[in-house]
Amino acid sequence: MELNQIKDPKQIKPLSVKELQVLAEEIRNFLIEKLSLTGGHLAPNLGVVELTLALHYLYDSPKDKILWDVGHQAYVHKILTGRSDQFDSLRQFKGLSGFPKRSESEHDVWETGHSSTSLSAAMGLAIARDLKKENHRVIAVIGDGAMTGGMALEALNHIGHEQRNIMIVLNDNEMSIAPNVGAIHNYLGKLRTNVHYVKAKDELEALLNKIPAIGGKLAKTAERIKDSLKYLVLNGVLFEELGLTYLGPIDGHNIEELITTFKQANKTEGPVLVHVVTKKGKGYKPAELDSDKFHGISPYKIESGEVMKKDGPPSYTEVFGSSIVKIAENNTKVVAITAAMPSGTGLKKFQETFPDRFYDVGIAEQHATTMAAGLAVAGMSPVLAIYSTFLQRAYDQLIHDVARQNLHVTFAIDRAGFVGADGETHHGVFDIAYLRSLPNMIIMAPKDENELQHMLYTAIEECEGPVAIRYPRGNGVGVALEDAFKRIPIGKYEILRSGQDIAILAVGSMVHIAEQAADQLMELDIYPMIINARFVKPLDEDLLMQLAEQRYKIITIEEGVEKGGFGSAILEFYSKHLQNEMEVTIMGIPDEFVEQGSMAQLRNLVGLSVGNLVNQVKNLGTQIKQRA
């Protein structure tokens, strides 16, 4: 069967197991070829080809609800639901999303880009099904890495209590992005090595069923024998103690075994957990050997797996990673924490250099934040390196455990602003708004990679309470990195260009945009003041009052949401100080979720472009001349 002929998963139901195996290889080759051109989440999807085929072969989507946790392993699902002809546009502007998208297909019943949400959503769907007296399956596919998330464990506890018909497929590839950590991961490892449990349990049950008139005490004795067998073979059965029927582990690349086990699960009343063992990157050697690299990959050469990257300055992530190592060499109190992202956050070198001061807590952002608070109470200097979009998951801990106690925790917030192809679930555009309201919080944003290293030094060595440093995804602007660290005066802005009448206050990544706009405006004999507003909080109140006294018109520009952002802070400041005649134009991200696309496309889409800033300044300049 040609992939482009598949428009509905029902089309694979007449196929034999052997034909499904052939189709699996076609899908793998398709993914390897297409993603070599577009980039994307290759390794996770190569690992779930047979699993996805078995699910769609046996179940009737969209009547039966299949939920994908995190969602970056749903490419095969998209192929089988008729979207193979859109893969040339994968993760591109106006193109096919890299995650489940309800507006794309009726088969995408749950949207997600963050992990550990599928079980709670599945529970909601199952309750609604039962209340409405409907009859369909609810199936959540969740990775073993996502099981470290507290939300998944909360849902498991409730699912076991309610005893509704839900099937959980635990996709165990021993990975999230980086290798998994923690007791749950180790527990699953024990299950993998005890493959005889299910067979022994079934044989014992069959034997007992042959005994006539077993009734009364003998039946209870039989149940105790089975329980004893569970503890003897598995050395602890977490899932069954939580109230779920456990099936597995089974080979996640054996379609026949998958189908047989899913049929067995269908006959079981109440919640069932099917433990499926897969290999991330299956079928493509480079991805098998380095599934971390191929988790989310840029375009690559199929023959070698070599990523086709352009030369350029180091990324902000790399500069952070090298800077924290240099600081930690002279400060033994520095401890680095990540939530399952040592490579993504640039902490690999720190991990290798200071293994006793590095902690990967798994997909557990709430725990990471409060653990950092505990370290701070004990006099250490914790640095939590985390993406902006993932720090959202720890908001209560930010407020209650860190800011309220005024603890010295440094938050290195990577991927602040637009992230590009991963789209609206991953854009780091809310952090200014959700951090700015917290008492005691200092918020910094570097204009370039050199300023980043100085900000990190300042945050660790010079500050006392909580500090957040937000910096963008991708390469720096190409400035030289100074050898010696410098202290940046807290709450003081940097005037990059003098000017008259108009002042542009730019935050972080927008400073470079402001400077480019100033270059164009010079040709028109317009000379705005360019200010590096490197502190979102505290504000440079002295400079702001000077601008008010000289009646400057102000433009603020930030790669964050307008509502509650830096521009809002400037308006609040002038309102508080009764400077009601100040004219402030806010440029930021509007009150909407922004789609995927290149950074340039997205900035153009929302007006954070050089051209739009030039037009804003020209319009204000015209108003000034008219009034004069």
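Predicted model: local features only at pLDDT ≥ 70, side-chain atom pairs only at ≥ 80, totals over all residues.
Residues are numbered from 1 along each chain as its sequence is written, and side-chain values use heavy atoms, with hydrogens and water left out.

Let's start with the sheet. It is open and has 5 strands in the order S12-S14-S13-S16-S17, with mixed pairing. Strands here are DSSP E runs of at least two residues, helices are H or I runs of at least four, and both are numbered from the N terminus; two strands pair if DSSP finds at least two bridges between them. At the edges sit S12 (494-497) and S17 (584-589), each pairing on one side only. From one strand to the next, the twist averages 25°.

How covered is S16 (residues 553-561)? Mostly: 9 of its 9 residues are buried, where buried means under 20% relative accessible area, exposed over 50% and partly exposed in between (1.4 Å probe, protein chains only).

Now for the helices. H15 (residues 365-377) and H17 (residues 395-403) pack at about 10° with their axes 9 Å apart; the axes are lines fitted to C-alpha atoms over the stretch in contact, and angles run from 0 to 180 degrees between N-to-C directions. The two helices are therefore roughly parallel, a label for angles under 35 degrees. Gln366, Thr369, Thr370 and Ala373 in H15 meet Gln397, Leu398, Asp401 and Val402 in H17, contact meaning heavy atoms within 4.5 Å.

Finally, look at arginine 91, in the loop between H4 (75-83) and H5 (118-131). Is arginine 91 buried or exposed? Arginine 91 is buried, because its relative accessible area is 14%. Among the residues it touches, leaving out those up to four places away in sequence, are His41, Tyr75, Asp422 and Gln596. With aspartate 422 there is a side-chain to side-chain polar contact at 2.8 Å (a pair of N or O atoms within 3.5 Å; within protein, one must be able to donate a hydrogen and the other to accept it, and residues adjacent in sequence count only if both atoms are side-chain atoms).

Terms used
Parallel < 35°, antiparallel > 145°, perpendicular 65-115°, else oblique.
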